Amino acid sequence: MKWKLPLYKILTDEEDVKIVSDVIKRGQFWAIGPEIEQFENAVKEHVGSKHCVAFNSGTSALHAVLLAYGIKKSDEIIVPSFSFISTVNSVLFVDGMPIFSDIEEETYGLDPEILEQKITPNTKAIIPMDYGGQSCKIFELNKIANENNLVLIEDAAEGLGASVRNQKVGSVSETSIFSFCGNKVLTTGEGGAAVTNSDEIYEKLKLLRSHGRVDKENYFENTSSPEYLGIGYNWRMSSMTAALGISQIRKLGKLIEMRQDNAEYISSKLSKIPEIQTPNTLTENEHIFQMYTIRLPSTQIRTKLQSHLKEKAIFSKVYFDPIHLTTFYKNKFKPSNLPVTEKISDQILSLPLYPNMTDEEKDYLVNSISEFFVK
């Protein structure tokens, strides 16, 4: 159907068109072009990390990071069930064992107060996820990881540009990953990156990204036979994609400010409805509103509201259904006791929000929701 309000729209400008067109028009270096390193430099400088490696998706970045840390068969990795499924799938990609732990109700991130109960002698890493544009309790999780000699790999796919305690999301953990998929604040359509302060992990990520090959110069410009040090993959980002990323990151501050303004307006209206809990932001966090997610009293009310919004041609979606309750994970693993995850997943609903949302669109959204609750 044609949505009056889609869940997201991408804000583009002439700079986006020009920078990508320039790559296309030059007729060469569509792969491994100079834009790759330029984009990587822009991301690492924004985050405040030592290194950045661009990938063709956030999933590829996370897969590569797990390989770089040597995660292997039967290594236990503590993960949330409240996330996009690739957070957990990536553990299976390397034959690791995902161990689900419950989340807290303030940021919807892994709950530091119960996480230590999941640590065993086989635990090797923790993968927290930053939900919807707000940091999880990353400092508390980092403390637990350090005290137990565990690797902390932050799934910051939804968090580029957000801050926690005046540090950029992705900078607290030794290694973090980002996604630039179509619904992200900074988007290149598809794409991802890993940032790290480890020289060793950085070098491994570069090998894993491109067939295990040592690239001291552009492969397509090198007449010598390359050196291959191990198994790698074709997880490279294209030059056009990186060029778009360069243009997008230049206006990241503007995109975030527009999202925050729109979220503030919507919350000011919806907070007057007793049945709705608008997004919560911890005082130590800067929320970039990659998603705008409300909580409702029950699944029944949510289902009826979602049907009402569909009749109004307003897109809404549940982000996220619990991973441990999907058919695959229910069949593969023993049942998990995650009461907070299941409660929140039963109550949440993500609503349309994007940078260039007009006043008319915002009013149509809040008025349609208000209409439902005053019936």
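How do the residues of the lining of the second largest pocket divide into nonpolar, polar and charged? In this predicted model, 14 of them are nonpolar, 11 polar and five charged, where Ala, Val, Leu, Ile, Met, Phe, Trp, Tyr, Cys and Pro count as nonpolar, Asp, Glu, Lys and Arg as charged, and the others, Gly among them, as polar. Residues are numbered from 1 along each chain as its sequence is written. The model being predicted, local features need pLDDT of at least 70 and side-chain atom pairs count only at pLDDT 80 or more, while totals for chains, interfaces and linings use all residues.

The second largest pocket holds about 540 Å³ of space. A pocket is an open set of points on a 1 Å grid over the protein atoms alone, where a 1.4 Å probe fits, with protein on both sides within 12 Å along at least five of seven lines; lining residues have an atom within 4 Å of a point. Its volume is the space filled by probe spheres set on the points, which are joined across faces, edges and corners. Of the 30 residues that line the second largest pocket, Phe84, Ile85, Ser86, Lys184 and Phe320 are the closest to its centre. Two or more lining residues come from each of helix H3 (58–68), helix H4 (86–93) and strand E8 (175–179), with H3 providing the largest share, three residues. Helices (H or I, at least four residues) and strands (E, at least two) are DSSP runs, numbered from the N terminus.

About 640 Å³ of space lies in the largest pocket. Its lining comprises 26 residues, of which Ile32, Glu40, Lys206, Arg209 and Asp215 lie nearest the centre. Helix H2 (34–47), strand E1 (51–55), helix H7 (199–209) and strand E10 (213–214) each give two or more residues to this lining, and H2 gives the most, six residues. The lining of the largest pocket divides into 10 nonpolar, five polar and 11 charged residues.

Seven strands form an open sheet with mixed pairing in the order E1-E9-E8-E5-E4-E2-E3; two strands pair if DSSP finds at least two bridges between them. E1 and strand E3 (97–101) are the edge strands, each pairing on one side only. E1 pairs with strand E9 (residues 192–196) in the antiparallel sense over five bridges, and Val53 stands opposite Ala194 in E9.

Notes
Heavy atoms only, no water.
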